[in-house]
Number of protein chains: 2
Amino acid sequence: MKVALLGFGTVGSSVARIVCDLKPEGLELSHIFNRSVARKKADWVPKSVIWTEDFEEVLRSDVDVIVELVGGLEPPGTWVRRALEAGKSAVTGNKKLIAKHGIELDRLARSNGAHLLYGAAVAGGIPVIPGLQQGLAGDRITRIEAILNGTCNYILSRMEAGDAFADVLKDAQRLGYAEADPSEDVDGYDARAKLVILSRIALRAAVEVESVACRSITEVDAVDLVYARDLNCTIRQISKAELRGDGISATVGPMLVPLRSPFAWSRRTENMVLVCGQYGGDVVFSGHGAGGNPTAVAVVSDLISLAHGSKVADLPSRATHVSGEFELRHYIRFVVRDQPGIVAEIAGALASEKINIDALFQRTGYEKGSLPFVVTVEPCAASALRRALDRIRHAGWLSETPLDMPILGE
Amino acid sequence: MKVALLGFGTVGSSVARIVCDLKPEGLELSHIFNRSVARKKADWVPKSVIWTEDFEEVLRSDVDVIVELVGGLEPPGTWVRRALEAGKSAVTGNKKLIAKHGIELDRLARSNGAHLLYGAAVAGGIPVIPGLQQGLAGDRITRIEAILNGTCNYILSRMEAGDAFADVLKDAQRLGYAEADPSEDVDGYDARAKLVILSRIALRAAVEVESVACRSITEVDAVDLVYARDLNCTIRQISKAELRGDGISATVGPMLVPLRSPFAWSRRTENMVLVCGQYGGDVVFSGHGAGGNPTAVAVVSDLISLAHGSKVADLPSRATHVSGEFELRHYIRFVVRDQPGIVAEIAGALASEKINIDALFQRTGYEKGSLPFVVTVEPCAASALRRALDRIRHAGWLSETPLDMPILGE
């Protein structure tokens, strides 16, 4: 099976390296395509490999599979489409492309007798996609909760240890975990694309990427990690989706997770995926979700599957309505200019939406003009809480917009 | 695809139930085979299903796949062989059969154009086997560490909380977690069969089941869990295998695991598998390793794979030498009649094998005639430690044979 690599960056060169090291039976690297390919040439790559910056040359050749590792919707979308139309299979780690066009591309592959595999698109080196497609196809998955963005996990687990967001972000950028523009990661868009793919495979729900609401972890302050600890919790960026009536609920954002839950154990850039099945109960996968080598393992595994003629069960998904509603406990952090009557106003706003207060926490040692305190509430719909908080949004005693986060169960 | 169930016990009836509930496309339950089948008949099973106690009737029929859920080497071995020879595929959760005869049966399947799947044989509802075969085929796995026996995990995690072995075992038997004869579980034979299967798939090492040494968890005393805690550890039955030179090292038995390691987080009957890849690093899978429904999920997933024409990559294994050698820190618990010179004798025995003492622990509150104390030693080969302990085996001050357990790293 002749393989063309499109993109020879971190992941692409790791793929080439693993193929050269392990020499998987039946795999032959035949082309490497990259812009300005001359400066990419590496002497450890077999002499037989053709280096090119011309995609048409790849398409005209006898390669059986293209491996797309450039990322972004275009031009990779066009490359994958044209390869599939030419009857060549495609392997990609492009979560954006698969989240947005995966169903169409799957169909295109099948109608051309080709295959489309994208094990590297979600949680890199952790075999979540094959695990779901092969090993859990016999269950009815009702819920997914996951840490799908290593950058956010790195930032929040360092903040948990007392470091400030800005410092940690700088370190993450220096270490190559975060982009110069960290918005894709911290604002949740990267995790959202992965959640959409997982929802399709696990919940069989086809949803539009943009219909899933994201909250940014930049809203999380150091004080929230302190209060979270008082609640025997920590904070993680969680991607959550579950079956709800005919549709699904899905959201991405910072949430409180109990210290006894597996999510609290995730360290640094680790990814973790929990799926709950009606019959099999909870299954957790964890490991390195990103980085050149772990992601390359997923790509090479897909190539080996293709070389051995493995086929993936075609588990149909259906277009599904998505809401952001979850019945969960919530943490609400207020920062106020202290004065009498604040708690009464908050309690009134919550009561008007029939939301029960669970507990009130107020740590000492903050100044009266900018005093953080926390209210936890019993399980309620996210929309009801939003309405309750809207009622006090313009209160004169608020120094900041309140931050609310769901509290996950154990 | 017509499916015959062989065995209608806990797992078999769960398989039938899930197939009836989820109605996976292309699957039809056609036969149920069981001894004394009349008392097994269930009214929720479709009328079209043929109940039989005659295996020949199944074999003569047009079923495409047999699902063997009876367990044990014979007669299931003969049934699976005869089905494969007749060109029928087989799905089984029979770890004993696959550990001992899996390679031969795989070959038999292929030579008859049939398939043999056994996702349920290891860690029930956790998709470890598909994860390894599909998702991690592109890595070189160098090490497996796993909790593969739910009964032992239940017993040790309850002992960790202060309960006595005998009481917990009784509870486990009452709850159906442990057999009347618990030897298969507590002595490690059940976990060993699973470790042999995982070693074949992950390390590509074909080893004889009997060549892997087991230690029983019955040697673990309440005091060991107390001392383990002092070392920031707890105790679990761990199955461990790793590449070592041309061969592998493999063993099953009680080990100390750091409280910060995922193994310490495993609760009750949970299973957990950690594989370490040269490129992808550590990946952890956890969930319900046993029970009717989780195991049935693995069986139904295998059936769905077959119905969709999925094929498993044929990853060759090779006959491999197995030793029990690991270079690990060790915990050694002595119970002695206190007298001067004991520590000097122990230190001398260890020094004669060039084993360095790491620390000595002695809790107060035990009587002088039966005093437990603990020595931890720096990483050393298991065989060297065995020789050192042999030197003092007959010492007059020993009230019990010393118990040594490896201490896993984080």
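In chain A, six strands form an open sheet in the order E3-E2-E1-E4-E5-E6, with parallel pairing. Strands E3 (50-52) and E6 (116-117) of chain A stand at the edges with a single partner strand each, so one side of each has no neighbour in the sheet. Please keep in mind as you look around that this is a predicted model. Chain B can be superposed on chain A by a rotation of 180 degrees with 0.0 Å of shift along the axis, at an RMSD of 0.0 Å. The two copies are thus related as by a two-fold rotation axis.

**The sheet of chain A and its helix**

- Strand E5 (residues 89-92) of chain A pairs with E6(A) in the parallel sense, over two bridges.
- Within that pairing, A:Ala90 stands opposite A:Leu116 in E6(A).
- Helix H12 (residues 292-307) of chain A packs on this sheet, where it touches strand E1 (2-6), strand E4 (65-68), E5 and E6 of chain A.
- The direction of H12(A) makes about 160 degrees with that of E5(A).

**The sheet of chain B and its helices**

- Chain B has an open sheet of six strands too, with the order E3-E2-E1-E4-E5-E6 and parallel pairing.
- Its edges are strand E3 (50-52) and strand E6 (116-117) of chain B; each has a single partner strand, so one side of each is left without a neighbour in the sheet.
- Strand E1 (residues 2-6) of chain B runs parallel to strand E4 (residues 65-68) of chain B, and four bridges join them.
- B:Leu6 has B:Glu68 in E4(B) as its bridge partner.
- Helix H3(B) packs on the sheet and touches E1, E4, strand E5 (89-92) and E6 of chain B.
- The direction of H3(B) makes about 170 degrees with that of E4(B).
- H12(B) lies across E1, E4, E5 and E6 of chain B, and runs at about 160 degrees to E5(B).

**Helix packing inside the chains**

- In chain B, helix H3 (residues 76-85) and helix H4 (residues 95-111) pack at an angle of about 10 degrees, with their axes 10 Å apart.
- H3(B) and H4(B) are therefore roughly parallel to each other, and H3(B) passes H4(B) in a right-handed crossing.
- From H3(B), the residues B:Pro76, B:Gly77, B:Val80, B:Arg81, B:Leu84 and B:Glu85 meet B:Leu97, B:His101, B:Leu105, B:Leu108 and B:Ala109 in H4(B).
- By type, the residues of this contact between H3(B) and H4(B) are seven nonpolar, two polar and two charged.
- In chain A, the axes of helix H6 (residues 150-160) and helix H7 (residues 165-174) come within 9 Å and cross at roughly 140 degrees.
- H6(A) and H7(A) are therefore oblique to each other, and their crossing is right-handed.
- H6(A) contributes A:Thr151, A:Tyr154, A:Ile155, A:Arg158 and A:Met159 to the contact, while H7(A) contributes A:Phe165, A:Val168, A:Leu169 and A:Ala172.
- The residues where H6(A) and H7(A) touch divide into seven nonpolar, one polar and one charged.

**Where the two chains meet**

- The contact takes 46 residues from chain B and 46 residues from chain A.
- On the chain B side, at least two residues each come from helix H1 (10-22), helix H5 (128-135), helix H11 (262-265), strand E13 (281-288) and helix H12 (292-307).
- H12(B) supplies the largest share of that side, eleven residues.
- The chain B side divides into 23 nonpolar, 18 polar and five charged residues.
- Of the interface residues of chain B, 100% are also interface residues in chain A, so the copies meet through the same surface.

**Elements paired across the interface**

- Strand E13 (residues 281-288) of chain A and E13(B) run antiparallel and are joined by five bridges.
- A:Phe285 stands opposite B:Phe285 in E13(B).
- The axes of helix H5 (residues 128-135) of chain A and H5(B) come within 8 Å and cross at roughly 120 degrees.
- H5(A) and H5(B) are therefore oblique to each other, with a right-handed crossing.
- A:Pro130, A:Gly131, A:Gln134 and A:Gly135 in H5(A) meet B:Pro130, B:Gly131, B:Gln134 and B:Gly135 in H5(B).
- The residues of this contact between H5(A) and H5(B) are two nonpolar, six polar and no charged.

Definitions and conventions: Residues are numbered from 1 along each chain as its sequence is written. Chains are lettered from A and ligands numbered from 1 in the order in which they are written. This is a predicted model: local features need pLDDT of at least 70, side-chain atom pairs count only at pLDDT 80 or more; totals for chains, interfaces and linings use all residues. Axes are lines fitted to C-alpha atoms, for helices over the stretch in contact, and angles run from 0 to 180 degrees between N-to-C directions. Angles under 35 degrees count as roughly parallel, over 145 as roughly antiparallel, 65 to 115 as roughly perpendicular and the rest as oblique. A crossing is left-handed if the near helix is turned anticlockwise from the far one by less than a right angle, and right-handed if clockwise. Two residues are in contact if their C-beta atoms, placed from the backbone, lie within 7 Å. Ala, Val, Leu, Ile, Met, Phe, Trp, Tyr, Cys and Pro count as nonpolar, Asp, Glu, Lys and Arg as charged, and the others, Gly among them, as polar. Copies are superposed by least squares on the C-alpha atoms of residues with pLDDT of at least 70 in both. Two strands pair if DSSP finds at least two bridges between them.
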